[in-house]
Amino acid sequence: MQRMAVSSAFVGAKLEILFGNTASSTISASASPSQIRLMCQKRAGSVAPLRRRNSGIVKCEVASDASVKTEIVESNNFASSSLSALEQLKASAADRYTKERSSIVVIGLSIHTAPVEMREKLAIPEAEWPRAIGELCGLNHIEEAAVLSTCNRMEIYLVALSRHRGVKEVTEWMSKTSGIPVSEICQHRFLLYDKDATQHIFEVSAGLDSLVLGEGQILAQVKQVVKVGQGVVGFGRNISGLFKHAITVGKRVRTETNIAAGAVSVSSAAVELALMKLPDTSHATARMLVIGAGKMGKLVIKHLVAKGCTKMVVVNRSEDRVASIRDEINDVEIIYKPLTEMLNCAAEADVVFTSTASETPLFLKEHVVNLPPVGPNIGNLRLFIDISVPRNVGACVNELEIARVYNVDDLKEVVAANKEDRLRKAMEAQEIILEESKQFEAWRDSLETVPTIKKLRAYAERIRAAELDKCLSKMGDDIPKKTRKAVDDLSRGIVNKLLHGPMQHLRCDGSDSRTLSETLENMHALNRMFSLETEISVLEQKIRAKVEQSKSE
C-alpha cells in the first residue's frame, strides 16, 4: 500500500504534540470505608493503576524526567533524518502510542477526597458542560470528554492519546478555569485509568460511591450527562458508550439488590441532620423554610412531610414549581414566597434549607447578624442546612453566636450508622459491576476492528478503481454509458463478494470473549497480509486532526 506523503511542517507539529513535557504528582486523599482506593505504580515508564482497600496517601507516579528527555532527543534526531514521517513514527519512541489504544481516564475530586471549598470552585454548571467538553477536546492529547459535576463530586472523563500528558493538560485546564493552583488540585484529586475508570463510573451510577449508599439522584445525574452530551462534538463513541452502560448498571444494581432499601438521598440526610440538631421537643413546632424548589428542594419538602411537618414556607423564583409540589402533596400547608422576600422569611424561620443553583452566597454574616433571635425552645440557634454546591450560605455565618451552618460535608454524621449492613449490600452490587465491566471492556475491544474494516475496504476500492480505469481506457472513449455502468457494477459486485467473508470475521459485538479473541486474531492477520498498518494510520489521522485544529484557532 502506498503511504500518504506528509509535509515537513506536519512532521514538526506531530513531534511537538507527541513529545510534550511531563510532570509528576502526589495525591493525598481520605475516603469513606466503602470507597475503593487508588494507587498508581510506575510500570514501563507509564502509569499503572491499582486499587486497594486501605487508608493512607494516594500517589501517582509518571514517567521520569530522564525518560522524557530521552524521548525528546530521539524525536529530534528523527525529525532531522530523511525518513518519511510514517517511518519516523514507527521507529521513534512515539511507537509506544501505536502499541496501545487510547486510554479512558477519570480525573476527579469528590466528597471523599476534597473539601467543599475546593469542589465549589471547580464545579461546572450543567449549561456549561458542552463548552467544557469542547475546550477539553481542544487539548493536544484529548480525543473525547464528559463532565459529571454534582454537589458531591466534580469528575472529568476522558479518552486520551497519552495518559500522563492528557492528565497534565486537563489538570492545568482545571487550574485555569477555577483559579486553584495545580499543586493544590493534585493534593486532592484522584486518577483512574481504563478498567478502574470503568468500574468507578459504574460504582457511581449504582450509588456505591455516594455519601448515602444507594441514593437514587446520582443515577439521574449520570443520565443527564448523556442527555446533555448528545450531539456535542467530543462526546464520542467511547465516552457515550461508557455512560450509557453505566446507566444500565445503575438500574440493574437497584433492581437485583436491596441496596436502595432504606437508603436516603442527600436531601433526606439534610432533614435528618436538622432534626438531630434540634431539641426533641421542638420537632413538631420548629418553623421550616426551604429556599429553592428544584429537585433537591422538592425532596427536602417531601422528607420534612414524612417526618411530620405540616407547614412550611418555600422561597423560589417562580410559583409554578411550588404550586406543582403543593398539588402533589396533600394535607400540608406550603406557603410560596418570592426571592425578594427571602430575608424576611429567614427572620421568621428556625431552620433554613438552601438548595439553589446560585453561584454566589445567598446568606453572609451581614445578612444574618440582624435577624431576630430564635427562642430557647429551639436551642437559641437558627440552623442553616446548605446542600448546594457552590454553597448558598457563607461559612462566615458560623462566626455568629446566634446561628449554625451545616453543608453537604457535614452529612457524614447522619450516614455513619449501619456501616456493616451498607458494606454487605455493596459487595452484592460489586459482583454485578464486575460482570458489567467485563462486558464493556469486551465491547470496547470489538471497536478495534472498525479501522481495519475501513482500511480493507479502501484498499480494495483503490485496486478496483485502478483496474476499472485500465479496462475502460482499453475499450476506447466511445463506450456507451450503459456499458460503462455495467462494467463498474460488475467490478463492485466482485469486490463486495470477495470482501464479504473477511468482513464477517471482523464484525463482533463484544458479548462473547471467545468470538472476540478470534475476531482480533483475524484483524491482526488481515493487517499483516494486506499491510494495512491500521493502528499507525489511525494515530496519524488523530494527530493530523489535532494539528489542523490548532492551525485554525
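Is Phe-440 to be counted as buried or exposed? At 0% relative accessibility, Phe-440 counts as buried, where buried denotes under 20% relative accessible area, exposed over 50%, and partly exposed in between (1.4 Å probe, protein chains only). The model is predicted: local features need pLDDT of at least 70 and side-chain atom pairs count only at pLDDT 80 or more, whereas totals for chains, interfaces and linings use all residues. Residues are numbered from 1 along each chain as its sequence is written, and side-chain values use heavy atoms, with hydrogens and water left out.

The largest nonpolar core comprises 64 residues; such a core is a set of buried Ala, Val, Leu, Ile, Met, Phe, Trp, Tyr and Cys residues joined through side-chain atoms within 4.5 Å. Tyr-157, Val-170, Met-174, Ile-201 and Phe-243 have the most contacts inside this core. Helix α11 (residues 237-256) gives the most to the core, with seven residues; helices (H or I, at least four residues) and strands (E, at least two) are DSSP runs, numbered from the N terminus. Apart from neighbours within four places in sequence, Val-170 is in contact with Ile-107, Leu-136, Leu-139, Ile-142, Ile-156 and Leu-158, contact meaning heavy atoms within 4.5 Å. A second, separate core of 43 residues includes Ile-301, Ile-334, Val-374 and Tyr-406.

Four aromatic pairs are present in the structure. Rings of Phe, Tyr and Trp (its six-membered ring) pair if their centres lie within 6.5 Å; planes under 30 degrees apart count as stacked, over 60 as edge-to-face and the rest as tilted. The rings of Tyr-157 and Phe-243 form an edge-to-face pair, because their planes stand at 80 degrees, with the centres 5.0 Å apart. This pair links distant parts of the chain, Tyr-157 lying in strand β7 (residues 153-160) and Phe-243 in helix α11, 86 residues apart. Tyr-157 is buried at 0% relative accessibility, and Phe-243 is likewise buried at 0%. The ring pairs link Tyr-157, Phe-235 and Phe-243 into a cluster.

The rings of Phe-202 and Phe-440 are also edge-to-face, with centres 6.3 Å apart and planes at 80 degrees. Phe-202 lies in helix α9 (residues 195-206) and Phe-440 in helix α17 (residues 419-446), so the pair ties together parts that are 238 residues apart in sequence. Phe-202 is buried, with a relative accessible area of 0%.

Helix α9 is mostly covered, eleven of its twelve residues being buried; among them are Asp-196, His-200, Ile-201 and Glu-203. Gly-207, with a positive phi near 85 degrees, follows α9.
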